[in-house]
Amino acid sequence: MKTNSLDSLKTWAKSVRSDSEFRITILACAGTSCLSSESDLIIEMLQAKIDEHNLNGEVNLKKVGCLRFCGEGPIMFIEPDNITYVRVAIKDVDDIFTKHILEGTTITRLLYTSKKNELIESYENMNFFKKQFRIALRNVGDIDPRNIDEYVAQDGYKALGMSLLEKTPDEVIKIVKESGLRGRGGGGFPTGLKWAYTAAVKSDEKYVICNADEGDPGAFMDRSIIEGDPHSLIEAMTIAGYAIGANQGYIYIRAEYAISLEPLNIALNQAKEHGLLGENIFGTDFSFDIGIKLGAGAFVCGEETALIRSMEGHRGEPDKKPPYPSESGFRGKPTSVNNVETFVNVPAIILNGAEWFASFGTERSKGTKVFALAGNVKNIGLVEVPMGTTLREIIFDIGGGHPENKTIKAVQIGGPSGGVITEEYFDTPIDYDSLTAIGAMMGSGGLIVMDEDSDMVEIAKFYLDFTQDESCGKCTPCRIGTKRMFEILERLTNMEGEPADLERLETLGYNIKNTSLCGLGQTAPNPVLSTMKFFKEEYEAYAYRTKRTSYAIEGKKCIGCTKCARVCPVNCITGKVREIHTIDESACIACGACYDACPTQAILKP
Amino acid sequence: MRKEILDISQLDKSLLHELDAYIDSLKGDKQEQLIHVLHRAQELFGHLPYNVQLYVAHALKLSGAKVNGVVTFYSFFNEEPTGKYTISVCMGTACFVKGADKVLERILKLTKTKKNEMSEDGLFTIKDVRCIGACGLAPIVTVNDKVYGKVKVNEVDGILEKYRGDHHEN
């Protein structure tokens with residue numbers, strides 16, 4: 001049935017049976033991380049039990065998108081009991097069904113244990129969730145992504161209806177401009193302005209492109225949105241099409257996310273069936289369709305001009321700008337390229353107004369930002385917070401600090417294009433400008449916590465290995481420069497470097513930044529330059545060859561328990577029971593297994 | 001220089017028919033959809049040998065060099081055959097911080113292979129992959145579709161043995 005007015009949308013929304021009408025609703029996470037822990041099987045088995053007992057009328061088991069607390073997955077929210085189960089396994093299905101669903105008792109072993117060893121029943125009382133505020137992820141985890149009814153019940157497609165039926169394209173752009181929304185993919189360019197530029201160019205055809213080539217290692221918010229709330233993206237892209245005068249949109253999605261295509265395709269078909277996508281949307285003369293373009297594994301395709309080349313079936317090499325895609329983009333036509341997280345803010349802005357959105361955040365960075373919090377931190381998962389929240393709040397309040405209370409030395413923000421932020425800057429409010437001011441950048445939202453054991457030179461080398469591998473090769477500074485930087489870092493970590501290498505790294509780094517063609521090369525040296533700035537002594541230990549490269553045993557602490565020797569994968573630890581053990585440093589692969597196994601902290605790190 | 005002479009004598013004809021059918025089904029500019037065609041071809045043939053690339057080039061009226069340029073640009077496309085089990089070690093930052101490089105090193109040593117090369121017994125191809133978005137389980141190793149989370153270096157032997165064992169039973 002086609003929807004052609006806001007009234008019919010309202011009637012539809014009212015007809016949807018809400019979760020509160022069921023005796024019990026279980027939101028079971030089927031996000032990537034939970035799926036890797038067999039959550040799909042758990043959900044299937046639980047559903048089979050519900051079917052078997054004919055309880056579908058009163059028990060509402062929903063396979064939802066990411067519930068954000070990935071480190072504790074598979075995770076389930078149970079309403080209205082307000083109970084959250086974490087680390088659910090297949091063996092727990094029987095108990096959840098019999099004890100919780102049938103008998104109404106809480107299974108304490110599946111509750112979350114806080115750092116203070118308290119059992120916490122509801123997610124609402126977990127520090128991880130307390131300071132979060134959701135705009136971009138507003139529906140992720142709440143609704144069944146495969147059911148358009150649930151999206152409509154959350155005011156879904158109302159913003160599209162309001163735009164098409166009550167506003168001119170210019171008015172839509174004006175609202176987005178006034179909201180202060182900026183690109184969430186890394187650059188932070190004002191979204192309204194990008195739309196206005198594209199709208200201003202006269203052309204028979206224009207395109208809206210969604211950049212879903214989330215390549216920053218450690219960031220997975222875009223994926224969670226596509227899998228958990230695909231209709232928001234479809235609605236937002238359609239609004240963008242109306243605003244800039246485009247009738248065709250494309251979602252460019254990386255091949256690693258092929259699994260995300262299933263919910264996305266279902267959503268596209270549902271939207272078309274209901275006249276919310278395709279010909280004559282909402283009964284107006286505006287038509288818009290969305291196609292999918294699959295990437296094939298190239299980080300540089302996250303850069304918009306490279307992405308467009310890839311969409312056209314070429315090698316994903318960037319072009320110089322200007323001309324910008326807003327003038328000459330896909331197939332040479334005016335094109336607006338926006339990121340997934342940026343897009344899904346738009347319906348919320350249209351519904352609640354620009355002022356509402358601008359009331360969150362800082363002066364020049366409005367709204368919220370989603371971060372993927374990972375690394376050496378207790379609570380791992382997706383975190384959406386208002387702009388201006390400090391890193392300390394994210395790491396210690398939401399993240400719960402280090403799992404074993406080791407010292408947190410730095411966080412890496414912005415992935416291979418970003419830099420490290422050290423403890424002294426943890427009170428910086430996070431927004432685009434303050435991060436740039438301290439030599440880091442927002443990037444797409446990867447936030448990796450590093451503790452005292454992290455070797456910053458190795459981490460810089462890791463990122464350089466990534467960028468030199470992903471450099472497309474088109475321009476010389478990036479192609480050869482990043483390779484040379486990587487070689488120097490390798491030389492250093494192999495203890496074959498020299499003090500002059502540090503100067504070479506720095507000079508090369510600045511030259512690559514200043515002369516590369518696209519964003520990849522212009523930011524590739526950042527991880528090196530920023531770690532050199534804050535952890536010069538670690539570089540010097542390598543350059544002056546004062547650093548040990550293997551583990552060792554501190555004799556006076558060793559009790560001769562043999563635990564280290566038993567876990568060593570290369571059998572390079574020798575010693576008799578109750579005697580001091582020794583490590584053959586030439587054979588040690590520095591895996592750290594002995595370090596973890598030692599009960600008396602007698603193992604010395606390299 | 002190698003001449004672009006297409007030789008399909010070694011290729012499975014039924015798979016070529018399937019590929020033809022896929023190409024026929026595409027709407028709009030077919031050349032623009034080269035990457036999608038290559039994805040399909042790799043699904044069918046397992047990898048993209050010289051003659052499959054040339055076949056795609058002919059079908060889409062592109063030069064062999066153009067197709068090979070695209071194949072070699074993107075990491076998803078393999079020109080060489082892959083082992084029965086593809087072991088992917090996630091090298092995303094979260095996994096790296098938790099020691100994925102050590103895990104990879106151990107796997108390469110045990111299988112006596114280099115990255116992206118098939119082991120001599122045809123069982124394994126080992127790859128380092130970009131973030132697969134399951135950072136809560138870091139470090140992560142996947143063997144075909146099976147995911148191993150929080151992998152420790154000393155667990156690698158056991159994981160590999162399991163697949164060696166499965167193979168002998170078959």
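This is a predicted model: local features need pLDDT of at least 70, side-chain atom pairs count only at pLDDT 80 or more; totals for chains, interfaces and linings use all residues.
How does the radius of gyration of chain A compare with that of a compact globule with 606 residues? Such a globule would have a value near 25 Å, and chain A has 26 Å, which agrees.

The chain has 25 helices and 19 strands, and 53% of its 606 residues count as buried. As for its contacts with a separation of 6 or more, 72% of them come from residues 24 or more positions apart.

I turn now to one part of the strand architecture. Strand 13 of chain A, residues 408-413, is largely enclosed by the rest of the structure, because five of its six residues are buried. Which strands pair with strand 13? Strand 15 of chain A runs antiparallel to strand 13 and is joined to it by five bridges. Strand 14, residues 419-422, is also antiparallel to strand 13, with four bridges between the two. A:Val411 has a bridge partner in each of these strands: A:Val449 in strand 15 and A:Ile421 in strand 14. Strands 13 and 14 form a hairpin with five residues between them. In that turn, A:Gly414 has a positive phi of about 85°.

Is A:Asp19 buried or partly exposed? It counts as partly exposed, because it has 18 C-beta neighbours inside 10 Å, whereas a buried residue needs 20 or more. Leaving aside residues up to four places away in sequence, A:Asp19 touches A:Thr25, A:Asn60 and A:Glu79. The C-alpha atom of A:Asp19 is also separated by 9.6 Å from that of A:Glu150, a residue 131 residues apart from it along the chain.

I come to the contact between the two chains. Chain A contributes 43 residues and chain B contributes 37 residues. On the side of chain A that touches chain B, the elements giving two or more residues are helix 2 (32-36), strand 11 (368-375) and strand 15 (446-451). The residues on that side divide into 18 nonpolar, 21 polar and four charged.

Finally, chain B. Its domain assignment gives domain 1 (13-73) and domain 2 (85-169). The C-alpha centres of these two domains lie 30 Å apart.

Notes: Residues are numbered from 1 along each chain as its sequence is written. Chains are lettered from A and ligands numbered from 1 in the order in which they are written. Two residues are in contact if their C-beta atoms, placed from the backbone, lie within 7 Å. Ala, Val, Leu, Ile, Met, Phe, Trp, Tyr, Cys and Pro count as nonpolar, Asp, Glu, Lys and Arg as charged, and the others, Gly among them, as polar. The radius of gyration is taken over C-alpha atoms; the globule rule is 2.2 Å times the number of residues to the power 0.38. A residue is buried if 20 or more other C-beta atoms lie within 10 Å of its own, exposed if 12 or fewer, and partly exposed in between; C-beta atoms are placed from the backbone. Domain bounds come from an automatic or database domain assignment. Two strands pair if DSSP finds at least two bridges between them.
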